[in-house]
Every structure is written in structure tokens, then in C-alpha cells.
Amino acid sequence: MLRTVEITAELLDPLRSEQFHNLHWQKKLQLSLDCFICERTGRTTHFEFGEERAVCTGDQESEHPAAARIASFDITQGQDRLILRSVVDYWWAPFRDTKRNRLATAPTSAPWVRLYVGYRCPQSQETGSFSLQSNMVRPVNTACAHCVKTLAIDTQAPGIRLLA
């Protein structure tokens with residue numbers, strides 16, 4: 001059956017008015033899913049916007065295509081905020097993870113997401129990126145790797161909500 005998950009996130013961009021670092025959401029993410037293809041629960045699944053399928057990490061040596069994709073990737077920039085709303089579609093079927101002896105759920109029993117943010121330092125003219133995860137302790141202050149100024153403040157975990 002087709003499942004749809006909405007992922008929302010918001011970052012405070014304290015340098016927006018002073019020193020423009022062109023902070024932007026990168027159109028990729030990682031989401032934990034229970035994969036009916038490899039029949040494993042809590043698999044890290046890699047997504048890129050525009051790709052017709054995702055990639056499940058499976059076991060240590062066996063990544064494989066996953067029947068999943070980013071259906072929408074909507075970005076809003078406020079005066080000092082960077083807001084993301086993404087929708088992920090994926091196919092799911094019930095199974096039992098025989099290695100861990102647990103039933104699969106949709107979404108997985110402990111869902112998490114990793115989102116990626118890019119930027120360009122105006123002083124060094126170099127690019128950089130960082131990621132944030134729903135399972136991090138908040139607040140998180142992220143600094144530019146080039147000029148060491150605070151780029152973003154992450155005060156709340158990204159939301160993960162099953163829509164269908």
C-alpha cells in the first residue's frame with residue numbers, strides 16, 4: 001500500500017540581514033523506513049528530489065533500490081527563517097523482520113529524518129553544508145566552517161507525520 005509522510009522543519013537564520021550566506025535546503029534527505037524489499041525494520045533510506053526511487057541501506061553490504069520518492073519539496077524563506085515542507089511517498093507491505101523478530105510498521109516505530117542545508121560564505125567565497133536530524137538534542141547552533149559566524153539555530157526537531 002502507498003504511504004505518504006510529511007516532513008517539516010524550520011531554521012532560524014540570524015545572519016540573513018547582516019551577512020548573507022545564501023542558506024538553503026538541499027534537495028535530499030534520509031528517512032528511517034521499514035523496508036518490505038529486504039524485510040528489515042528501521043532502515044536508513046536515501047532520497048533525492050527528482051529521482052524516481054530511493055535507496056535503502058539494507059544490510060551492511062547490500063544497498064538496493066526502494067519503492068519511494070520525494071513527491072514535493074517546498075521551501076519558504078521568511079525574514080529570518082528558512083522553512084521546509086517535504087512530502088515523501090513510499091510503498092509499504094507488512095512483514096516480520098526475522099533478524100530482530102519484530103513486525104514492520106508504517107512509519108517505522110522510531111522514525112527519524114536527516115535534512116541537509118547548504119550555504120556560501122561571503123568572506124571566503126567557499127561553499128559548505130551541514131545536516132540536522134530529528135533525534136538531536138536541541139537547540140543546535142551551526143557555525144560557518146570558513147568565517148565561524150553562527151549560520152543557523154535549530155530550536156525544534158523536524159516533524160514527521162503520516163498523511164496516508
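Residues are numbered from 1 along each chain as its sequence is written, and side-chain values use heavy atoms, with hydrogens and water left out. Because the model is predicted, local features need pLDDT of at least 70 and side-chain atom pairs count only at pLDDT 80 or more, whereas totals for chains, interfaces and linings use all residues.

The protein contains 14 strands and zero helices (DSSP runs numbered from the N terminus: strands, E, at least two residues; helices, H or I, at least four). Its C-alpha atoms fill a box of roughly 55 × 30 × 30 Å along the principal axes. Of the 164 residues, 45% count as buried (under 20% relative accessible area with a 1.4 Å probe, protein chains only; exposed is over 50%, and partly exposed lies in between). Among contacts (heavy atoms within 4.5 Å) between residues at least 6 apart in sequence, 55% join residues at least 24 apart.

The largest nonpolar core comprises 36 residues, and those with the most contacts inside it are Trp25, Leu29, Phe47, Leu115 and Phe130. Such a core is a set of buried Ala, Val, Leu, Ile, Met, Phe, Trp, Tyr and Cys residues joined through side-chain atoms within 4.5 Å. Strand β2 gives the most to this core, with five residues. Leaving aside neighbours within four places in sequence, Leu115 is in contact with residues including Trp25, Leu29 and Phe130.

Ser72 is found in strand β6 (residues 68-77). This serine is buried, with a relative accessible area of 18%. Apart from residues up to four places away in sequence, Ser72 touches Phe49, Arg85, Ser86 and Val87.

A search of the whole structure finds one cavity of 30 Å³ or more. On a 1 Å grid over the protein atoms alone, a cavity is a set of points where a 1.4 Å probe fits but cannot get out, and lining residues have an atom within 4 Å of a point. Grid points are joined across faces, edges and corners, and a volume is the space filled by probe spheres set on the points. About 80 Å³ of space lies in the largest cavity. Its lining includes Leu33, Asp34, Cys35, Tyr90 and Trp91. Strands β2 (24-35) and β7 (81-91) each supply at least two lining residues, and β2 provides the largest share, three residues.

Key
1 Å grid on protein atoms, 1.4 Å probe; cavity = no way out; pocket = protein on both sides within 12 Å on 5 of 7 lines; lining within 4 Å.
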